[in-house]
Every structure is written in C-alpha cells, then in structure tokens.
Amino acid sequence: MKHFFYILILISFFGCNSINRPKKPKDLISTDKMSAIMYDLYILNAAKGVNKKVLELNGIMPLEYVYKKHGIDSLQFAESNTYYAYDTKVYSELVEKVKAALEKDKVLYEKLTKEEQQAKDSIRKVSKKVNKIVKDTIRTIEIDSID
C-alpha cells in the first residue's frame, strides 16, 4: 500500500509536468499594449459592475469597445493572453503595471473628489452668508418702513 502511494505521487507529478508551453502567436500583442488592454478591461469591468444598465442603454459592449480601441480581435487577445499567462513572472509583471496605473488613477480621482467637495463647501458657505445678508437687509428695510 505504501509503494502504491509513492507510485501514485510520481505518476501525478510527471503527468502534470507534461503541460507544454503554448506556441508564440504570429500576431503576439506586445507587453505594453497588453497591459493597456488589461487596464481598459479592468476599468470597463468595474463600470459594468456598477452601472450595467447605463452601458447597455448607450449600446456599449465592453469587449468589442476594447478590441476596436486597440485594433485587435478576440482571437489575437485570447492567444496572447494564454501565451503570457503561461509564464507567471511575465503575467504578474503585466498585472503589476495595471495595478500601478489603477492606483495612480485612484489617487487622482480622490484628489479631484476632495477638491470638488471643497468647492461645494465653499459655495455652500458663501450662499449661507448671502442668504443671511439678504434676510437681514429685508428685516432692516421692514423695520425702517414701520417707523
């Protein structure tokens, strides 16, 4: 029984080891372009998760949009993605590039949101002061006209 267990482990080890690397496609997408495509896919996937109806109402098909934007087709993307995904080091570098770009955009978005909120708060404060001045002026006019 003990020998059977060892043989089973060896068979599974050598059986799993026979996975061949995919052939390099003729029209392999460069790593920079691939990271840009993946970035767009992440953004559109997030948008689809938040406002799927808005995308549908505007007739936006996320994958087709990305393919058209980058001048590729689905087969070229699938083959290139499979090729890069086999080499985990290269694929993790692609994902890290995308992650860095998303983090950069997140910081920019948070900065813009903060500035927008500050502008809204300033407008609200000025509006309150103007309303108070107008009310005080009306009250003063009413008191003067009563005398």
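Predicted model: local features only at pLDDT ≥ 70, side-chain atom pairs only at ≥ 80, totals over all residues.
Helix H5 runs over residues 74-86 and has 13 residues. From first C-alpha to last, H5 reaches 18 Å. That is close to the 18 Å expected at 1.5 Å a residue.

Five names stand out in H5: Gln76, Phe77, Ser80, Tyr83 and Tyr84 are buried. Around the axis they cover an arc of only 135 degrees, so they sit on the same side of H5.

## The nonpolar core

In general, nonpolar side chains tend to be buried together in soluble globular proteins. Here, the largest nonpolar core has 14 residues. Met34, Ile37, Ile72 and Phe77 have the most contacts inside this core. Helices H2 (31-50), H4 (62-70), H5 and H6 (88-146) each give two or more residues to the core. H2 supplies the largest share, 5 residues.

Take Met34 as an example. Beyond residues up to four places away in sequence, Met34 touches Ile29, Phe77, Ser80, Asn81, Tyr84 and Leu94.

## Aromatic pairs

A pair of aromatic rings is described by the distance of the centres and the angle of the planes. The whole structure holds 2 aromatic pairs. One joins Tyr67 and Phe77, with ring centres 6.2 Å apart. Their planes stand at 45 degrees, so this pair is tilted. Tyr67 lies in helix H4 and Phe77 in helix H5, 10 residues apart, and the pair links distant parts of the chain. Both residues are buried.

Tyr83 and Tyr84 form an edge-to-face pair. Their centres are 5.8 Å apart, with 65 degrees between the planes. Tyr83 has a relative accessible area of 15%, which falls under the 20% limit, so Tyr83 is buried. Tyr84 is buried too, with a relative accessible area of 7%.

## Ser80 and Ile29

Ser80 lies in helix H5. Its relative accessibility is 0%, so Ser80 counts as buried. The Ser80 side chain reaches the backbone nitrogen of Ile29 at 3.1 Å. Leaving aside neighbours within four places in sequence, Ser80 is in contact with Pro25, Asp27, Leu28, Ile29 and Met34.

Ile29 belongs to the loop between helix H1 (2-16) and H2. With a relative accessible area of 2%, Ile29 is buried. Which residues does Ile29 contact, leaving aside neighbours within four places in sequence? They are Met34, Ile37, Ile72, Gln76, Phe77, Ser80 and Tyr84. Ile29 and Gln76 are 47 residues apart along the chain, yet their C-alpha atoms are separated by 7.5 Å.

## Tyr42 in helix H2

Tyr42 has its place in helix H2.

Leaving aside neighbours within four places in sequence, Tyr42 is in contact with Val98 and Leu102. Along the chain, Tyr42 and Val98 are 56 residues apart. Their C-alpha atoms are separated by 8.5 Å.

Note on methods: Residues numbered from 1 in each chain as written. Heavy atoms only, no water. Helix = DSSP H or I, 4+ residues; strand = E, 2+ residues; numbered from the N terminus. Expected span 1.5 Å × (residues − 1). Buried < 20%, exposed > 50% of the residue type's maximum accessible area, 1.4 Å probe, protein only. Arc of directions from axis to C-beta. Core = buried A, V, L, I, M, F, W, Y, C linked by side-chain atoms within 4.5 Å. Contact = heavy atoms within 4.5 Å. Phe/Tyr/Trp six-rings, centres within 6.5 Å; stacked < 30°, edge-to-face > 60°. Polar contact = N/O pair within 3.5 Å; in protein donor to acceptor, adjacent residues only side chain to side chain.
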